[in-house]
Amino acid sequence: MPPTYVLFIAKPCALSLRIQANGPRRAQPNAILEKVFTSITKSPDEKRLEGLSKQLDWDVRKIQRWFRHRRNQDKPSTLTKFCESMYAFFSFPPPPSPVTESPIVSH
């Protein structure tokens with residue numbers, strides 16, 4: 001998507017529709033949780049949460065929240081999705097309309 005399109009067309013249009021530019025909440029940096037997130041699982045089970053809770057001396061709920069924030073951190077913001085959709089809508093031709101009559105003529 002060309003940056004000039006985003007800057008001069010899509011973003012002003014999105015902001016006029018009051019689509020917010022803020023993205024998801026960032027997870028606080030934690031090397032141990034980041035390593036589990038990237039190499040083992042993005043959604044740990046109860047057993048793993050308990051182990052991480054004891055290892056970090058954090059509440060299980062806090063670890064669940066960290067993983068939720070970290071998963072959401074990778075998602076694009078609503079503004080980004082709007083700009084991409086608007087670009088696709090105006091850049092690509094519409095699909096062909098379905099044929100209402102049969103192209104084969106019988107005798």
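Buried denotes a relative accessible area under 20% and exposed one over 50%, with partly exposed in between (1.4 Å probe, protein chains only). The model is predicted, so local features need pLDDT of at least 70 and side-chain atom pairs count only at pLDDT 80 or more, while totals for chains, interfaces and linings use all residues. Residues are numbered from 1 along each chain as its sequence is written, and side-chain values use heavy atoms, with hydrogens and water left out.

View 1. S53 belongs to helix α3 (residues 46-56); helices are DSSP runs of H or I with at least four residues, numbered from the N terminus. With a relative accessible area of 12%, S53 is buried. A polar atom of the S53 side chain lies 2.5 Å from the backbone oxygen of W58. Leaving aside residues up to four places away in sequence, S53 touches W58, D59, V60 and I63, where contact means heavy atoms within 4.5 Å.

View 2. L49, L52, S53 and L56 are the buried residues of α3. They lie on the same side of α3, because they cover an arc of only 105° around the axis; the arc is taken over the directions from the helix axis to the C-beta atoms. These buried residues pack against α2 and α4. On the other side of α3, K47, K54 and Q55 are exposed. Just after α3, D57 adopts a positive phi of about 60°.

View 3. The structure holds 4 aromatic pairs. Rings of Phe, Tyr and Trp (its six-membered ring) pair if their centres lie within 6.5 Å, and planes under 30 degrees apart count as stacked, over 60 as edge-to-face and the rest as tilted. One of the pairs, F37 with W66, is edge-to-face, at 6.4 Å centre to centre and 85° between the planes. Since F37 lies in helix α2 (residues 31-39) and W66 in helix α4 (residues 60-73), this pair ties together parts that are 29 residues apart in sequence. F37 is buried at 2% relative accessibility, and W66 is buried at 4%. F37 also forms a tilted pair with F67, at 6.3 Å centre to centre and 45° between the planes. That pair links helix α2 with helix α4 across 30 residues. F67, like F37, is buried. F37, W66 and F67 form one aromatic cluster.

**View 4. K62 over the ring of W58.** The charged end of K62 sits over the W58 ring, 4.4 Å from its centre. This term requires NZ of Lys or CZ of Arg within 6 Å of the ring centre and within 35 degrees of the ring normal.

Note on methods. Helix = DSSP H or I, 4+ residues; strand = E, 2+ residues; numbered from the N terminus. Polar contact = N/O pair within 3.5 Å; in protein donor to acceptor, adjacent residues only side chain to side chain.
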